[in-house]
Amino acid sequence: MVEAGRKDSKREPSETPDVYQWRELRDLLNGPERQHLEEISDHLNDPVYQAKAISKVLSEAITLGSKNDRIAKALQPNIDVALKASVQKNPKAITDAIFPVLGPAIRKAIVATLMRMIQSLNHTLNQSVSVRGLQWRWEAFRSRRPYAEIVLLKTLIYRVEQIFLIHRRTGVVLVQAAADLVELQDPDLISGMLTAIQDFVNDSFRNEGEEMLDTLRMDGDHSVWIEQGAEAVLCVVIRGTPPLELRDRLRALLDEIHHLFEKQWPQFDGDVSAFAMVKPKLEEALDVKEMVPKRRVSPLIWILVAAIVAIIGFGVWFEYGQYKKWTRLLGLLRAEPGIVLLKSERENGRFLIEGFKDPQARDPEELITRSEIDAENIESRWLPFYAMDDDFILRRSEEILQPPQGVVMAVAHGVLDVSGEASHRWIKRLERHATSIAGVENIRRNLLIDADMDSLRRLKRDLEGQDVYFSTGRSEPDSDQDKVIDRAADLIRQLLALQAQMEVMVRIAVIGHADPTGKPDFNFNLSQQRATSVLRLLTVRKVDPLALSATGRPEDGGVVEGTSRDLELFRKVTFKLMVTEDQVKIDD
Amino acid sequence: MIKKKICMIGAFAVGKTSLVQQHVHSIFSEKYHTTVGVKIDKKTMVVAGRQVDLIIWDLHGEDDFQTVQMSYLRGSSGFIYVVDGTRRSTLDIAMKLKGRADQAVGPLPAIVALNKCDLESRWEMATDDIHRLAQEKIPVIQTSAKTGLSVEPVFQALAELVLEVP
């Protein structure tokens, strides 16, 4: 078949002339077409040609095919496999390829997340208002930054504790600064070790020397930030969470230092003294103030605290008030005469008082009422007793004796002194009761006048001076004696009235007399008749006869010599008053 | 003040660490050797009237499992090669390390400390070996970490070399 394309065909030795002629004719008739077909057939079997041919139309085909997603679907598994293989074989290529998009993509994702966080924070913070919050709001407004960002910035708590400037090549510490109270290890050793670790990390991970450690993190709170420079490294030991802005500051500081020592770097021979001049700069970097956010306390808490304080305060105030009233009451009770406190206690908020009280003392309930302590909270028990001070003895005496007007009583050392003018009846009472009054040991009554007794004596004297005379031998008084009898009747009536008042018994003896002349029997009768006759005359004058007694007493015995005038004086009736009462002496 | 980084290099178990233990200020424990491969100590001394802080990088000894990391040598001012006098092979290893060090950071002042000289009975060093070192213009000082013999002079000598004290 290969030879079929030849134009100048020759007869094959195996061919018969017929066959040759037939073949020649065929060649003449469809030779070009056959040749063309054979070429196509060759192309179909030639992969190189096919690849060339397809490559001419592939892009066109894909473009056409991409109008629906058939090609994408068909290619996807192959692309996945190819990509995987590529990453396994040479990750760098793919890293290089996607790095330009990966960086921004990650940044974008972080920014988006942060923004979301900030938004929600914003939302929360917007609802909280405080002086500090207002300040931050103002700052946010001025700097045209989100409020939340300012808050985040302001509330970060951190402290730059140590800064080392380390010579990169040798790991030697050029200069260092540390915050107050930070315990320092030997910086040379630390820096050496840090440098070693840096080298170790680079060696271990086959770093090309471009990527360096930039942060070491320890037990949550501490971290070491490493800022790399061409010649020197800044190592910063930080406690807490610093803002990223600090990085920029450190970077600027390191750049400045590099610039400062531009000439020294190449010939650095381990002499670090020149670097001491940047120590103030490092110290300045340490001087990052700690920003401790004050915890906002809910107003509710304040109200609660205020309420509790108020309640406690009121309690204390009330309790103090009660205590003051209580002690004042106790003071008053102790000072009160006639009251003796035995017990004063507080039990479960109740007040309890026990004591003695003289009946004459002021009522303690009055003091309790005046103390303004709630009556329900106070319980008092009083036992009666007699106070023995003079004042109380006096009061008691007055209470018992009820002295009338005109009488003055006083007590001194148990002696009751009574003066003034009183009725006989009261004086009798005084004498009967006074010494049985508690505390009264004696009575002195020298200056006490018995007015009734004086009247009695005066009346007695008057009555006993009234003599009723008789003519010789007569039992009836002379007519001129009526006045005397009137007077006697009047006096007797007065005496009887006084008798009731003084509670004494008054008896009046009407005594008849006769002169000594004549027979004694006659005289005796005569004298009796004379007494009886006057008694009758008194009775006629409404004198109670029960108070009178008539007796005769003739003058017998010794003869009296005398004139008739003298004898006349014997013929009479006299009055004798008798008062029956033990205590009272009626005779002077 | 002058601070110089120096490295102590040698085969495994030649007594590098013991050599300095008594004579330097140290805050790190031995475990750094097996983890990071280096432990850093400091020695303050006075050389020609100037105070010098030697920052001593005590590198983990070279053995079948761990090689000395050449990156640790960067920035050094000098080396102390420590050789165990009772093991001839440690000298070869030291020389091999020196070759690598010279290649990595260039030729620097160096001293060979021939350690364990207290173990005379097991001494394996020949006079030829010492001569060969002398040809390389490297001072050799015999030391004993056990007795403390010549430990200070090693540092003193290296410091003087480093500071080019005549």
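A helix pair and its setting

Guide: In chain A, residues 24 or more positions apart account for 63% of the contacts with a separation of 6 or more. The model is a predicted one. Chain A has 588 residues, of which buried residues make up 21%, and its elements are 17 helices and 16 strands. From these I take two helices for the close look.

The pair consists of α14, residues 451-464 of chain A, and α15, residues 482-502 of chain A; the helices pack at an angle of about 155°, and their axes are 10 Å apart. Because angles over 145 degrees count as roughly antiparallel, α14(A) is described as roughly antiparallel to α15(A). The crossing of α14(A) and α15(A) is left-handed. On the side of α14(A), the contact is formed by A:Asp452, A:Ser455, A:Leu456, A:Leu459, A:Asp462 and A:Leu463, while α15(A) contributes A:Ala488, A:Leu491, A:Ile492, A:Gln494, A:Leu495, A:Leu498, A:Gln501 and A:Met502. Sorted by class, the residues of this contact are nine nonpolar, three polar and two charged.

A:Leu495 lies in helix α15 of chain A. A:Leu495 counts as buried because it has 25 C-beta neighbours inside 10 Å, where the cut-off is 20 or more. Residues up to four places away in sequence aside, A:Leu495 touches A:Leu459, A:Leu463, A:Val506 and A:Leu577. Among these, A:Leu459 and A:Leu463 belong to the α14(A) side of the helix contact. A:Leu495 and A:Arg457 stand 38 residues apart along the chain, and their C-alpha atoms are separated by 9.8 Å.

A:Gln402 is placed in the loop that runs between α12 (390-401) and β9 (407-412) of chain A. With 10 C-beta neighbours inside 10 Å, A:Gln402 counts as exposed. Most residues other than glycine have a negative phi. A:Gln402, although not a glycine, has a positive phi of about 45°.

Chain B has 166 residues, and buried residues make up 45% of them. The chain contains five helices and seven strands, and along the sequence these follow the pattern β-α-β-α-β-β-β-α-β-α-β-α. In chain B, 72% of the contacts with a separation of 6 or more are between residues 24 or more positions apart.

The seven strands form an open sheet with mixed pairing, in the order β2-β3-β4-β1-β5-β6-β7. At the edges stand β2 (25-26) and β7 (140-142) of chain B; each has a single partner strand, so one side of each is left without a neighbour in the sheet. Within the sheet, β1 (residues 2-10) and β5 (residues 78-84) of chain B run parallel and are joined by five bridges. In one of the bridges to β5(B), B:Ile6 is partnered by B:Gly78.

B:Lys116 is in the loop between β6 (110-115) and α4 (127-135) of chain B. Its phi is positive, about 65°, although it is not a glycine. B:Lys116 counts as buried, since it has 25 C-beta neighbours inside 10 Å.

Finally, the two chains meet. Their contact takes 20 residues from chain A and 22 residues from chain B. The chain A side of this contact has seven nonpolar, seven polar and six charged residues. Helix α7 (residues 187-204) of chain A lies across β1, β3 (38-47) and β4 (50-59) of chain B, and runs at about 140° to β3(B). A:Asp186 is found in the loop between β2 (173-178) and α7 of chain A. Leaving aside neighbours within four places in sequence, A:Asp186 is in contact with B:His25, B:Ile27 and B:Lys42. With 17 other C-beta atoms within 10 Å, A:Asp186 is partly exposed.

Note on methods:
Residues are numbered from 1 along each chain as its sequence is written. Chains are lettered from A and ligands numbered from 1 in the order in which they are written. This is a predicted model: local features need pLDDT of at least 70, side-chain atom pairs count only at pLDDT 80 or more; totals for chains, interfaces and linings use all residues. Helices (H or I, at least four residues) and strands (E, at least two) are DSSP runs, numbered from the N terminus. A residue is buried if 20 or more other C-beta atoms lie within 10 Å of its own, exposed if 12 or fewer, and partly exposed in between; C-beta atoms are placed from the backbone. Axes are lines fitted to C-alpha atoms, for helices over the stretch in contact, and angles run from 0 to 180 degrees between N-to-C directions. Angles under 35 degrees count as roughly parallel, over 145 as roughly antiparallel, 65 to 115 as roughly perpendicular and the rest as oblique. A crossing is left-handed if the near helix is turned anticlockwise from the far one by less than a right angle, and right-handed if clockwise. Two residues are in contact if their C-beta atoms, placed from the backbone, lie within 7 Å. Ala, Val, Leu, Ile, Met, Phe, Trp, Tyr, Cys and Pro count as nonpolar, Asp, Glu, Lys and Arg as charged, and the others, Gly among them, as polar. Two strands pair if DSSP finds at least two bridges between them.
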